[in-house]
Amino acid sequence: MRTRTNSSKLTTLYVLGLSQDVFGAGTETTSAFLEWTITKLLRHPTILKKLQSEVRGILHDKQYIIFDDLERMQYLKAVIKETFRYHPPVPLIPREAGRDVKIMGYDIAAGTIIIINALAFGRNPLFWDELEIFEPERFLNSSIDFKGLHFQHIPFGSGKRICPGIGFATAFIELALANVLHKFDWELPGGAKGENLVTPSIFSTRMVTEIICKIYMTNPNNISYAVQRF
Ligand code: HEM
């Protein structure tokens, strides 16, 4: 195998570097995102219930979820989009100007590094109504998606360098969430109210606080409950 220039071979070091890249880019992002989604759902029990009834209504007693099932889970997709809006796991996306350009009156010299603030786009009142409210419904009758075509919502970036793992990540997230919501009931310990859950958000991929919650197996013949720490 060869890289773009015929002279340089794809060495073991390159392969190792690339594997590390894909592994790093694919694990931290998805796990951080799942943490945020579950936390958001614990904080908004009505949304959690609505989502569970959609998932359980579609799956019933099924053990294995197939893609057709996921296609029917429109509320699940809306919850995912809304969580991405507020908590994009990669908040800053770098680019380098390939040539001198003028953008909106600003001269940008070739070689300048430009940081695109995806997190700020998702929290910009120019694009979103009531942006502080976690409201998956805003996506139900909207064509806005995160595939790089709507610049107010770019958790996976956009253009030629858009995340190559977008399809895999979306399928993985949908499957993981559908499974844990189908099979488990989630609640905060000691009767704590989700509304009171404080989830400080700093400029970081991960949550900065630890959250403890109880997870009950839906089928009482199995394990009764476990405690999960985020
Ligand atoms: C929630 C999950 C994920 C999010 C939010 C995410 C987000 C991103 C973002 C914003 C970029 C930069 C895109 C740009 O510059 O326009 C990126 C790049 C990348 N992502 Fe993801 N990603 C996720 C999951 C994954 C997965 C599962 C994989 C692989 C299995 C992956 C592999 C990569 C790679 C290799 C790059 C670098 C691409 C390049 O430099 O051209 N990502 N990702």
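At what angle do the axes of H1 and helix H4 (residues 74-86) cross? The axes cross at roughly 105° and come within 10 Å. That makes H1 roughly perpendicular to H4, a label for angles of 65 to 115 degrees, with under 35 degrees counted as roughly parallel, over 145 as roughly antiparallel and the rest as oblique. Axes are lines fitted to C-alpha atoms, for helices over the stretch in contact, and angles between N-to-C directions run from 0 to 180 degrees.

The structure is a predicted model, in which local features need pLDDT of at least 70 and side-chain atom pairs count only at pLDDT 80 or more, while totals for chains, interfaces and linings use all residues. Residues are numbered from 1 along each chain as its sequence is written, and side-chain values use heavy atoms, with hydrogens and water left out.

The chain holds six helices and seven strands. Helices (H or I, at least four residues) and strands (E, at least two) are DSSP runs, numbered from the N terminus. In order from the N terminus, the elements run α-α-α-α-β-β-β-β-α-α-β-β-β. The chain has 230 residues, and 36% of them count as buried. Buried means under 20% relative accessible area, exposed over 50%, and partly exposed in between (1.4 Å probe, protein chains only). Of the contacts between residues at least 6 apart in sequence, 62% join residues at least 24 apart. Contact means heavy atoms within 4.5 Å.

Two packed helices are described by the angle and the distance between their axes. Helix H1 (residues 12-43) also meets helix H2 (residues 45-59), with axes that come within 5 Å and cross at roughly 110°. H1 and H2 are therefore roughly perpendicular to each other. H1 contributes Leu 41, Leu 42 and Arg 43 to this contact, and H2 contributes Pro 45, Ile 47, Leu 48 and Leu 51. By class, six of these residues are nonpolar, none is polar and one is charged. Ala, Val, Leu, Ile, Met, Phe, Trp, Tyr, Cys and Pro count as nonpolar, Asp, Glu, Lys and Arg as charged, and the others, Gly among them, as polar.

Thr 83 lies in helix H4. Thr 83 is buried, with a relative accessible area of 0%. Beyond its neighbours within four places in sequence, Thr 83 touches Phe 33, Trp 36, Thr 37, Lys 40, Pro 88 and Phe 134.

The whole structure contains five aromatic pairs. Rings of Phe, Tyr and Trp (its six-membered ring) pair if their centres lie within 6.5 Å; planes under 30 degrees apart count as stacked, over 60 as edge-to-face and the rest as tilted. Phe 33 and Phe 84 are stacked, at 3.9 Å centre to centre and 20° between the planes. Phe 33 is in helix H1 and Phe 84 in helix H4, 51 residues apart. Phe 33 has 0% relative accessibility, so this residue counts as buried. Phe 84, at 5%, also counts as buried. The rings of Phe 84 and Phe 146 lie 5.1 Å apart between centres with planes at 70°, so this pair is edge-to-face. Phe 146 is in the loop between H5 and H6, so the pair ties together parts 62 residues apart in sequence. Phe 33, Phe 84, Phe 146 and Phe 156 form one aromatic cluster.

The ligand carries an iron atom with a single donor from the protein, Cys 163 (SG), 2.3 Å away. Donors are N, O and S atoms within 2.8 Å of the metal (3.2 Å for Na, K and Ca); water is not among the atoms, so sites may look incomplete. Cys 163 sits in the loop between helix H5 (118-122) and helix H6 (166-183).
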